[in-house]
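Please have the 3D view open as you read.

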Amino acid sequence: MGASQSAGTEHEFQDMADRTGFSLEQIGNINKRFRQLSNNEETLSREDLASIPALDNNPIRAQIINAFFDKRNLHQNETGTVQEIGFEEFLMVMTHFRPAAMGLTEEERENLRREKLRFLFNMHDTDSDGTINLEEYRRVVEELLSKAGTIGQETAKAIADAAMLEVASTTRGKMEPDEFYEGITFENFLQILNTFDIETRMHVRFLNMDTATLRCGKSK
Amino acid sequence: MACRTCLWLLGTAFFTCTVRLVVEGTEVGAPQGSHPEPGVVGSNHSQAGGGHGSSISGIQIVTFKWHHVEAPYLIALWILVAGVSKMVVELNHSLTSVIPESALLILIGWILGGIIYGAGKMQTFTLTPTVFFFYLLPQVILDAGYFMPNKLFFSNMGAILVYAVIGTCWNAATVGLGLWGCWLGGAMGDIDIGLLQFLLFGSLIAAVDPVAVIAVFEEVHVNEVLFIMVFGESLLNDGVTVVLFNVFDAFVSLGGAEIDAVEIIKGIISFFVVAFGGSLVGIIFALLISLLTRCTKNIQIIEPGFIFILGYLSYLTAEMLSLSAILSIVFCGICCQKYINANMDECSVTTVRYVMKVFANGSETIIFVFLGISAIDPAIWVWNTGFILLTLLFIFVFRFIGVFLLTWILNKYRLVPLEFIDQVVMSYGGLRGAVAYGLVAMLDENKFKEKNLMVSTTLIVVYFTVMLQGITMKPLVTWLKVKRAAVTELTLAEKIQNRTFDHMLVAIEDISGQIGHNYMRDKWHNFEERWLCWLLMKPSARKSRDYIFNIFHQLNLKDAMSYVKEGERRGSLAFVRNETKADVDFNKKFRASFSEIMPDIMADNMGPDHVPLSSILQDIVPSVCLDMHEQDLEMRESEDFNAHHLLQQHLYRGRKQHRHRYSRSHLETNKDENEVQEIFQRTMRSRLESFKSAKMGVAPAKKIQTKHQKKDKPQKMPNGNSTDKSKNHPYGDKDLEFSEGDCGSGGEAAGDLFPMRAYGVEAGIVNPAFMAEMDPMDNMQQMQQIPHVALLPQTLNSFDP
């Protein structure tokens with residue numbers, strides 16, 4: 001909130017802007033927000049994110065917060081999580097939610113789509129083995145229904161099983177009686193969500209306005 | 001078949017005409033078919049008393065009391081004619097896939113109008129504004145509001161409002177001014193008209209019509225965003241149309257000189273009042289409906305009625321207060337749908353949905369047929385080439401320009417820009433319809449000297465848009481490769497992902513500190529859940545509202561229903577209503593059929609709980625045992641089965657018809673025990689007869705039917721031989737269905753008696769029928785020793801439902 005930007009960071013921002021496609025103002029705003037969340041420190045930890053009051057109502061907050069610290073989303077080829085992230089990593093995660101620019105080629109669109117879906121996939125695939133198996137899927141459904149209160153765990157399990165069954169039947173077709181269905185792979189995931197307009201659905205409007213200061217009273 | 005219905009349709013029309021002619025002939029001094037007053041019926045029904053003026057000399061056994069029933073009779077007759085027209089239209093599917101239904105209905109209207117005109121030399125049945133606006137339009141709009149996809153509607157609300165308000169104003173202004181300019185330039189010849197009248201005409205012809213849009217777009221399944229844009233615009237532009245119409249009407253009455261800035265400002269203010277006031281009235285009525293349905297638990301049978309009455313009242317109230325009636329009823333439908341669907345009983349919800357559709361479709365049909373009929377009236381036709389052609393040109397061209405302009409502006413602010421192709425379709429889909437005709441028919445002839453010209457032009461515009469644009473819409477959409485609506489329903493996985501998306505987007509917005517679309521939606525959602533649902537929903541409905549759970553519930557219901565359908569297809573005999581859960585076979589059955597799809601999810605990942613999926617299904621169908629897999633295959637082969645089934649149906653059904661407990665509030669199926677018993681006794685008697693005759697060697701048993709004792713033989717039949725020949729019908733209460741059909745052959749009868757006993761006794765009886773190489777005769781000899789008569793009381797007891 002009003003932290004002065006030295007010439008060095010200005011240059012970094014420009015760099016980031018080129019790489020991620022955000023505009024300078026947007027990066028500036030995100031930076032301000034970052035500083036606000038991290039109490040003006042250099043890095044952000046899980047507790048900082050967890051302390052956002054608005055997130056309390058969100059049933060999948062744990063998964064979202066994890067996603068920020070997941071190495072796979074940070075364009076590193078490792079797995080596992082980090083404890084703290086810097087501004088650049090924060091920005092990396094945010095780029096997944098950038099709206100699709102106009103005039104992209106087919107290939108670029110496809111890449112963008114894959115990237116966004118990869119983010120989603122990683123969110124579900126908590127053990128980083130490349131597939132979403134039944135346990136993980138169950139956890140997803142349970143979390144989704146956790147706010148509903150009266151829905152029991154059994155129902156959540158049943159729903160997850162039914163969904164899994166559906167996916168298996170559509171992606172694998174008929175399987176031999178003794179074949180084992182390991183889980184949803186990334187390719188299957190793409191297939192299921194084929195009809196979704198990911199490029200258009202999965203984005204947040206990053207205004208050029210500095211809304212971080214506007215919401216001063218409510219956030220944090 | 002086609003000829004018959006056509007003949008019937010023509011016959012009805014002829015009947016109507018002849019009736020009228022006859023009536024006019026017998027009326028004493030009644031004025032001939034006057035100008036259409038309020039009501040579809042053009043004739044005078046105030047003459048009711050006059051017809052009976054002739055002297056009565058004695059008691060008349062039968063009298064022809066036409067006047068007595070004239071008004072309702074004609075109305076009912078016309079509704080029938082409209083319905084039959086729709087039937088005729090739908091006869092040929094290849095035709096309806098090319099030409100939209102609405103166009104064909106107008107065509108039929110022309111034919112009917114021609115017949116009526118030819119019969120009476122005047123058009124007595126026309127679409128009058130009163131009937132249209134009060135009796136035909138509300139249902140269509142209520143239907144539109146009730147079935148509106150709210151989420152889609154509100155997320156595109158900004159764009160819809162821009163098109164509806166600014167777009168309609170633009171259309172009205174440009175068409176009006178364009179025509180005026182051309183008139184000044186002399187393109188229209190000499191007509192008594194002025195600028196204000198042109199503007200008024202522009203405003204009523206500018207509005208996109210909801211009825212026409214529904215009718216045409218229904219058959220062309222474009223993607224939902226495009227549809228909601230055009231559709232939403234057609235609904236919301238009523239606010240503008242009403243205001244413009246009233247304002248210019250007032251201006252015309254005032255005369256050009258009185259218009260000054262004050263009046264114009266008043267006009268602008270009236271727009272806001274009319275639009276927001278109308279919506280507010282609708283929302284208030286929606287609240288009323290929701291609150292009402294909260295308390296109607298004890299009168300579920302008339303619950304649906306409230307929706308319609310209150311919806312209609314919202315329309316009339318807004319009309320009374322000179323606000324926008326269409327906006328009122330639309331918002332009433334939009335706002336109340338969620339709460340009434342949650343509060344009301346499922347039967348009531350189904351009723352509301354179906355009745356709503358019946359009314360809306362019926363109204364639409366009548367509207368289009370009468371749009372056709374109203375045209376066949378030389379009295380109203382004034383031809384002015386310039387006026388008509390220029391109007392057509394202007395509405396078409398200016399619509400395109402308007403849409404493209406507005407979209408270009410909107411795309412700067414939209415997250416998902418509207419593509420070029422979509423814009424083209426949106427412009428082309430700006431259809432005018434009955435609302436424009438209704439408005440123009442309301443004009444005062446004294447103020448508007450050229451009313452007939454305007455009416456003619458409006459009719460031609462309507463025909464052009466509905467018929468020509470309607471016919472070419474589908475090819476255009478296909479040619480331009482417009483994105484179509486998704487045909488298949490979302491899978492469960494996709495729905496779950498949908499949910500995840502929403503939550504994720506909200507979370508990201510929270511984290512990044514942006515106030516975005518999702519944030520707003522989330523806030524509204526929270527507010528709604530805390531306050532509105534508490535106020536408007538029944539406590540029991542509040543609990544089971546979760547989205548995913550509802551999906552699950554629907555899926556379960558669907559599964560259960562397809563399960564039952566499958567069972568009935570193979571012969572309902574397979575179902576047993578068992579008091580105790582028959583879980584043993586169930587598991588196996590389930591494993592067998594589903595193992596292809598889900599091999600080891602069941603086995604390996606379960607851990608402590610053993611066969612979860614079957615447990616799910618057990619919850620769905622608790623006490624139904626589905627032992628149908630193996631035996632049904634054999635059942636199909638046997639012809640006796642068919643005879644059996646046939647007999648069962650005939651015999652049973654006949655009796656069912658008789659017992660009707662008449663009640664206005666309860667719809668019950670017949671569960672009469674006595675009936676069941678009686679049938680059983682009859683069949684038992686007849687079986688004894690046939691059994692005796694078979695014993696004498698009269699009729700050799702065709703096959704043996706034995707009952708499969710579940711507890712004894714959980715797996716398949718012990719030997720292949722008897723399996724082929726035997727039918728296995730494990731069941732309890734429905735014994736009698738089983739037994740009825742067996743009157744045919746004695747051998748079967750023998751077999752049947754036996755299992756009943758076995759079932760009743762519940763001991764581990766080895767069914768002699770199961771023994772290998774069974775000779776029917778042997779079987780029967782054994783049967784003789786069985787005191788079958790004594791069995792009756794015992795098995796009868798098991799029939800108690």
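## Chain B overall

This is a predicted model. Chain B has 801 residues, and 51% of them count as buried. Its secondary structure consists of 32 helices and two strands. Among the contacts in chain B with a separation of 6 or more, 79% are between residues 24 or more positions apart.

In soluble globular proteins, nonpolar side chains tend to be buried together. Here, the largest nonpolar core has 149 residues, and the members that touch the most others are F132(B), L137(B), Y163(B) and L371(B). Helix 10 of chain B (residues 224-254) gives this core its largest share, 15 residues. A second, separate core holds 62 residues, including I30(A), L55(A), I64(A) and M504(B).

Setting aside neighbours within four places in sequence, its contacts include M229(B), E233(B), V403(B), L406(B) and L410(B).

Chain B exposes about 37,700 Å², of which carbon and sulfur atoms supply 64%. One nonpolar surface patch, of about 470 Å², is made by W170(B), L393(B), F396(B), V397(B), I401(B) and L405(B). Five residues of the patch, its largest share, come from helix 15 of chain B, which covers residues 385-410.

Is I401(B), for example, buried or partly exposed? I401(B) lies in helix 15 of chain B. Its relative accessible area is 38%, so I401(B) counts as partly exposed, a class that lies between the buried limit of 20% and the exposed limit of 50%.

Key:
Residues are numbered from 1 along each chain as its sequence is written. Chains are lettered from A and ligands numbered from 1 in the order in which they are written. This is a predicted model: local features need pLDDT of at least 70, side-chain atom pairs count only at pLDDT 80 or more; totals for chains, interfaces and linings use all residues. Side-chain values use heavy atoms; hydrogens and water are left out. Patches are made of residues with over 30% relative accessible area and no salt bridge: like charges are joined within 9 Å, nonpolar side chains (Val, Leu, Ile, Met, Phe, Trp, Tyr) within 5 Å. Accessible areas come from the Shrake-Rupley method with a 1.4 Å probe; for residues, only the protein chains shown count as cover. A salt bridge is a side-chain nitrogen of Lys or Arg within 4 Å of a carboxyl oxygen of Asp or Glu. Helices (H or I, at least four residues) and strands (E, at least two) are DSSP runs, numbered from the N terminus. Buried means under 20% relative accessible area, exposed over 50%, partly exposed in between (1.4 Å probe, protein chains only). A nonpolar core is a set of buried Ala, Val, Leu, Ile, Met, Phe, Trp, Tyr and Cys residues joined through side-chain atoms within 4.5 Å. Contact means heavy atoms within 4.5 Å.
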